[in-house]
Amino acid sequence: MAKLYFRYGTVGSAKTLNLLAVAHSYSQQAKRVIVMKPALDDRFGYGVVKSRAGLEREADILLHPTTQLNQTEFSGVSCILVDEAQFLSRSVIDQLRSLAIDIDVPVICYGLRSDFRTDLFEGARRLFELADEITEIKTTCFFCNRRALFNLKLLDGKPTIDGPSIELGAEEKYLPACARCYTEKIQNKDSVR
């Protein structure tokens with residue numbers, strides 16, 4: 001039986017690069033792969049799945065909170081890959097779980113575990129509840145060599161816990177941080193750039 005996978009990590013842990021490598025591997029074997037992403041993620045262009053390393057491809061399906069996935073559209077698919085899964089609604093995650101079970105196709109979701117306040121995103125929470133396999137994609141803290149656990153948000157170069165939970169950005173706005181550095185930076189609010 002196919003599984004629902006959740007591969008999570010902090011910002012900068014090469015989640016999307018990993019997704020694109022998996023998509024490439026399936027394609028090299030002449031297997032059909034479907035790549036999905038939330039429609040709200042337009043950082044690199046609408047419908048573009050792009051890693052910070054420069055690799056990119058178009059998403060096959062853009063997901064909205066109310067998207068209804070029709071299982072018949074996935075006939076002949078060898079794998080479903082989902083980027084930025086933390087932004088998905090509970091309903092969409094439930095449907096991805098059903099795809100894995102009902103049509104026996106692996107569904108591999110990539111995303112953040114928590115926001116810059118250390119709160120779980122809705123999609124991540126549901127994946128932790130439903131995924132058959134959960135794997136952390138590890139990276140080191142921007143400030144030291146410990147394992148990064150949190151996403152430190154910057155506003156004008158200074159750490160902050162203010163603003164909306166979902167605010168798109170890359171290295172100019174978020175840095176990976178270990179628990180110690182995250183706490184120190186939030187408490188001190190000194191410029192990190």
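Author: Gladly. Let us begin with R126, which is buried, with a relative accessible area of 15%. Keep in mind that this is a predicted model.

Reader: Why does R126 count as buried?

Author: Buried means under 20% relative accessible area, and R126 has 15%, so the label follows from the cut-off.

Reader: Which residue forms a salt bridge with R126?

Author: The general idea comes first. Side chains of opposite charge can pair when their charged atoms come close. In this model R126 forms a salt bridge with E129, and the closest N and O atoms are 2.8 Å apart. Both residues lie in helix α3, 3 residues apart, which is about one turn of the helix. E129 is partly exposed, at 45% relative accessibility.

Reader: Which residues are linked with R126 and E129 in a network of salt bridges?

Author: R90 and D94 are; together with R126 and E129 they are linked in a network of salt bridges.

Reader: How many salt bridges does a search of the whole structure find?

Author: The search finds 7. One of them joins the side chains of K3 and E133, at 2.8 Å from N to O. K3 lies in the segment before β1 and E133 in strand β8 (residues 133-136), so this pair ties together parts that are 130 residues apart in sequence. K3 is partly exposed at 30% relative accessibility, and E133 is partly exposed at 33%.

Reader: Where do E136 and R147 lie?

Author: The side chains of E136 and R147 meet in a salt bridge, 3.0 Å from N to O. E136 lies in strand β8 and R147 in the loop between β8 and β9 (150-155), so the pair ties together parts 11 residues apart in sequence. R147 counts as partly exposed, at 41% relative accessibility.

Reader: Now for the rings. What describes a pair of aromatic rings?

Author: A pair of aromatic rings is described by the distance of the centres and the angle of the planes. This structure holds 7 aromatic pairs. Among them is the tilted pair of F6 and Y8, with 5.7 Å centre to centre and 35 degrees between the planes. F6 and Y8 are both buried. F6 also pairs with F128, edge-to-face, with 5.3 Å between centres and 80 degrees between the planes. This second pair links distant parts of the chain: F6 is in strand β1 (residues 4-8) and F128 in helix α3 (residues 122-130), 122 residues apart.

Reader: Are F6 and F128 buried or partly exposed?

Author: F6 is buried, with a relative accessible area of 0%, whereas F128 is partly exposed at 28%. Ring pairs link F6, Y8 and F128 into a cluster.

Reader: Which residues lie over the face of a ring?

Author: Two cases to look at: R7 lies over the face of Y5, at 5.7 Å from the ring centre, and K185 lies over the face of F143, at 4.5 Å from the ring centre.

Conventions: Residues are numbered from 1 along each chain as its sequence is written. This is a predicted model: local features need pLDDT of at least 70, side-chain atom pairs count only at pLDDT 80 or more; totals for chains, interfaces and linings use all residues. Side-chain values use heavy atoms; hydrogens and water are left out. Rings of Phe, Tyr and Trp (its six-membered ring) pair if their centres lie within 6.5 Å; planes under 30 degrees apart count as stacked, over 60 as edge-to-face and the rest as tilted. Buried means under 20% relative accessible area, exposed over 50%, partly exposed in between (1.4 Å probe, protein chains only). Helices (H or I, at least four residues) and strands (E, at least two) are DSSP runs, numbered from the N terminus. A charge sits over a ring if NZ of Lys or CZ of Arg is within 6 Å of the ring centre and within 35 degrees of the ring normal. A salt bridge is a side-chain nitrogen of Lys or Arg within 4 Å of a carboxyl oxygen of Asp or Glu.
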